[in-house]
Amino acid sequence: MLPWKRLLRPLAALVLTAAVATLPAAGTAQAATAPSSGWNDYSCKPSAAHPRPVVLVHGTLGNSVDNWVGLAPYLTSRGYCVFSLDYGQLDGVPLFHGLGPIDRSAAQLSVFVDRVLSATGAAEADLVGHSQGGMMPRYYLKFLGGAAKVNALVGIAPDNHGTNLSGLTNLLPYFPGAEDLLKATTPGLADQIVGSAFLTKLNAGGDTVPGVRYTVIASQYDEVVTPWRSQYLSGSDVRNVLLQDLCPLDLSEHLAIGLLDRIAFHEVANALDPAHATASTCASVFS
């Protein structure tokens, strides 16, 4: 891919962020509602084969429906009870969520997991998140008591150690007031920049907490969470997976890996049920 094309996607994301920041406030946005058949079905009871409900955590500028139109049906068709939430909403900004302070978003996740556990009767849940949604739950696990309620966290292209957006964040100091504006209008974005106070706190003392299994699924073509190796976690009970090691032909970048990549979906299923895992290959697109 030509260099200017690689820069185009993160630049477009920044432009969209600027547009969101200038929207007028018009009250709290209504949360999107996922389909009730199998997905976000609070009458669903986990089976003996899949005893834990799966909570899907969307990424920045995503929501509980759009981020999961591929993975949620994939998992429900395999017998999982699947739930998804909206978090990090800003007043007057519908549909595009994950923009609020990430520590507050983690508190929203805590409330949602409690609701799911209460409805399903399960003792623990499994979490699957894309981008910010793969990183933010680590705050819940580490600081909000989530480790006692979560068996596994699967991060798809998670920005566990922040991102420099292919180097674009390095330009912020050259625009006086830009970083302060970012923190004031979209704190959830500012929290994800490499070296932010939020990430410094999150990663101090180690990436993981005892009792939780961690899986990271990354793509070397990720142009949003950069450098892509920063997605990986260190610690006990961690499995870091590079999509191209499973299928060299897979060209998925940051969005595709979470929205439609069935090889990544197959690895999610393996992470949720490691006792019955099967090898992920290029042929997994047909599974």
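**Charges, rings and salt bridges in a predicted model**

Q: What makes the charged end of Lys201 count as sitting over the ring of Phe143?
A: The charged end of Lys201 is 4.9 Å from the centre of the Phe143 ring, and a charge sits over a ring if NZ of Lys or CZ of Arg is within 6 Å of the ring centre and within 35 degrees of the ring normal. The charged end of Arg115 likewise sits over the ring of Tyr42, at 4.1 Å from its centre.

This is a predicted model, in which local features need pLDDT of at least 70 and side-chain atom pairs count only at pLDDT 80 or more, while totals for chains, interfaces and linings use all residues. Residues are numbered from 1 along each chain as its sequence is written, and side-chain values use heavy atoms, with hydrogens and water left out.

Q: How many aromatic pairs does the structure hold, and why is the pair of Tyr139 and Phe143 called tilted?
A: The structure holds five aromatic pairs. The ring centres of Tyr139 and Phe143 are 4.8 Å apart and their planes stand at 50°; rings of Phe, Tyr and Trp (its six-membered ring) pair if their centres lie within 6.5 Å, with planes under 30 degrees apart counted as stacked, over 60 as edge-to-face and the rest as tilted, so this pair is tilted. Tyr139 and Phe143 are four residues apart in helix H5 (residues 137–143), which separates them by about one helical turn, and together with Phe198 they form one aromatic cluster.

Q: How do you know whether Tyr139 is buried or exposed?
A: Tyr139 has a relative accessible area of 9%, and buried means under 20%, exposed over 50% and partly exposed in between (1.4 Å probe, protein chains only), so Tyr139 is buried. Phe143, at 34%, is partly exposed.

Q: Why is the pair of Trp228 and Tyr232 called edge-to-face?
A: The planes of the two rings stand at 85° and their centres are 5.8 Å apart, so Trp228 and Tyr232 make an edge-to-face pair. Trp228 is buried at 13% relative accessible area, whereas Tyr232, at 23%, counts as partly exposed.

Q: What makes the contact of Asp126 with Arg52 a salt bridge?
A: Their side chains meet at 3.0 Å, N to O, and a salt bridge is a side-chain nitrogen of Lys or Arg within 4 Å of a carboxyl oxygen of Asp or Glu. Asp126 lies in strand E3 (residues 125–130) and Arg52 in the loop between helix H1 (3–21) and strand E1 (54–57), so the pair ties together parts that are 74 residues apart in sequence; helices (H or I, at least four residues) and strands (E, at least two) are DSSP runs, numbered from the N terminus. Asp126, at 1% relative accessibility, counts as buried. By this rule the count comes to four salt bridges.

Q: Which parts does the pair of Asp114 and Lys149 tie together?
A: The two side chains meet in a salt bridge of 2.8 Å, N to O. Asp114 lies in helix H3 (residues 102–120) and Lys149 in the loop between H5 and strand E4 (150–156), so the bridge joins parts that are 35 residues apart in sequence.

Q: How far apart are the closest N and O atoms of Glu267 and Arg239?
A: The closest N and O atoms are 2.5 Å apart, and the two residues form a salt bridge. The pair links distant parts of the chain, with Glu267 in helix H11 (residues 262–272) and Arg239 in strand E6 (residues 238–242), 28 residues apart. Glu267 counts as buried at 2% relative accessibility, whereas Arg239 is partly exposed at 43%.
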